Amino acid sequence: MATVFLIIIYLAFISLGLPDSMLGAAWPMMRLDYGAPVDTAGLLSMIVVAGTIISSLASSSVLKRFGTGMVTFISVAVTALALLGFSYSSSVVWLAVLALPLGLGAGSIDTGLNNYVATHYKAHHMSWLHCFWGVGAMLGPIIMSRYIAGGESWREGYFMVSMIQFALVVLLFASLPLWKRAGKSSSPQAGEKVQEGLVAVPATNASSGNVLRIKGVKLAMITFLFYCGVEATVGLWGSSYLVNVKDVSPATAAGWVSLYYGGITAGRLITGFITFRFSNRALIRGGLLISLLGALVLAMPLPAVYSLVAFILIGLGSAPIFPCMLHETPARFGKENSQKIMGYQMALAYTGGAFLPPLLGWVAARSTFMILPLVMIGYIIVMMLSSEQINSMMKKRKEEVSL
């Protein structure tokens, strides 16, 4: 039953990824239908993320009351209805109204399933869980590009994805008895190994209860902020960059952006295996270097096809950063502080996803989309500096403890 149950969870995470990349892929066509300015996509994205933040903050009490299975079932149903509404929306105002339930549904699924997998399955399943999110995020632009390339409307793409979500709603409804049975029979992952490299946090830092005073916490939060800034910005504005700067057709641009999500997906699948051999810190460092290389290629005045290579590199590099940073939290700041710090990190991650993409869209609409790769380079360098400074702090702390 555990395998079947895990497949259902992975399918639910695919559904979580599907709508995340749809707006960016479809926006070059959508905005023409509505006569909307290019930066309106940033506002819509911000509303979606605001809904995600609200439902994430409320998810603890909601999950406790209704259970993960019921919350996931209702959340996917809400997401399916919002996507169906997108396909029939007559104005940008309606898109804005529907963006809120779209975000509310996504936040509950994200928090509920992440928590469930973290407490019921071993660590490598977390990387693969986020890999399956990437499968959904990759399929979204592929579905959209096929409809646009076939001469049909972007509305058909949203309609198809909503139908896929409704099919999952039926499956989740049928699986509700399994969730109840699993909730009664399973226990937290007592067999999970204690993470290697755990370093005791000095009592003077932790005793006050204010985890923000622990050295490195604010730097970690900054890293999460800019990581989600890079991931969401490339996803939202990648198509617009290719269409406006590289003269790529909207259908081709949507297809290329899907390969960016393909890079994230493939990278997380591989990361699930190589976490057995390499440390989180090595994987984070390697991911940042590959992402920086991709952003540098994107910034160079090269033929358009090199932009495709750049998107794949940025996606591959991004793959290990987020799950490895989450998994590294207890090692960096102590197991007793990790839950609270994890919440702060996720809050900053959502904030980066909410505000940095529309900020770039606002600036680009008043200047040029050529700033996209330069801004990405800046974000990645900030992440590298923050991450290496944390590593330096942890090394110094470990040396002090060993004396």
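Student: Does glutamate 388 count as buried, partly exposed or exposed, and at what relative accessibility?

Tutor: Buried means under 20% relative accessible area, exposed means over 50%, and partly exposed lies in between, with a 1.4 Å probe and protein chains only. At 34% relative accessibility, glutamate 388 therefore counts as partly exposed. Before we continue, please note that this is a predicted model, in which local features need pLDDT of at least 70, side-chain atom pairs count only at pLDDT 80 or more, and totals for chains, interfaces and linings use all residues. Residues are numbered from 1 along each chain as its sequence is written, and side-chain values use heavy atoms, with hydrogens and water left out.

Student: What share of the chain do buried residues make up?

Tutor: Of the 403 residues in the chain, 55% are buried.

Student: How many helices and how many strands does the chain have?

Tutor: Helices (H or I, at least four residues) and strands (E, at least two) are DSSP runs, numbered from the N terminus. Here the chain has 15 helices and 0 strands.

Student: Which residue forms a salt bridge with glutamate 388?

Tutor: A salt bridge is a side-chain nitrogen of Lys or Arg within 4 Å of a carboxyl oxygen of Asp or Glu. Glutamate 388 forms one with arginine 285, and their closest N and O atoms are 2.8 Å apart. Because glutamate 388 lies in helix α15 (residues 371-402) and arginine 285 in helix α12 (residues 280-299), the pair ties together parts that are 103 residues apart in sequence. Arginine 285 counts as partly exposed, at 36% relative accessibility.

Student: How many salt bridges are there by this rule?

Tutor: The count comes to 2 salt bridges. Arginine 268 also forms a salt bridge, with glutamate 231, and there the closest N and O atoms are 3.8 Å apart. Arginine 268 belongs to helix α11 (residues 250-274) and glutamate 231 to helix α10 (residues 217-245), so this pair ties together parts that are 37 residues apart in sequence. Both arginine 268 and glutamate 231 are buried.

Student: How is the packing of two helices described?

Tutor: Two packed helices are described by the angle between their axes and the distance between the axes. Axes are lines fitted to C-alpha atoms, for helices over the stretch in contact, and angles run from 0 to 180 degrees between N-to-C directions. Angles under 35 degrees count as roughly parallel, over 145 as roughly antiparallel, 65 to 115 as roughly perpendicular and the rest as oblique. The axes of α12 and helix α13 (residues 305-333) come within 7 Å and cross at roughly 155°. Helices α12 and α13 are therefore roughly antiparallel to each other.

Student: Is the crossing of α12 and α13 left-handed or right-handed?

Tutor: A crossing is left-handed if the near helix is turned anticlockwise from the far one by less than a right angle, and right-handed if clockwise. The crossing of α12 and α13 is left-handed.

Student: At what angle do helix α6 and helix α7 pack?

Tutor: Helix α6 (residues 124-149) and helix α7 (residues 154-174) pack at about 140°, and their axes are 8 Å apart. These two helices, α6 and α7, are therefore oblique to each other. Their crossing is right-handed.

Student: Which residues does glutamine 345 contact?

Tutor: Contact means heavy atoms within 4.5 Å. Apart from neighbours within four places in sequence, glutamine 345 is in contact with Ala220, Met221, Phe224, Thr329 and Phe333. Glutamine 345 is found in helix α14 (residues 335-365) and is buried, with a relative accessible area of 0%. Its C-alpha atom is 8.8 Å from that of threonine 223, although glutamine 345 and threonine 223 are 122 residues apart in sequence.

Student: Where is aspartate 247 found, and what is its phi?

Tutor: Most residues other than glycine have a negative phi. Aspartate 247 has a positive phi of about 55°, although it is not a glycine. Aspartate 247 is found in the loop between α10 and α11, and it is exposed, with a relative accessible area of 68%.
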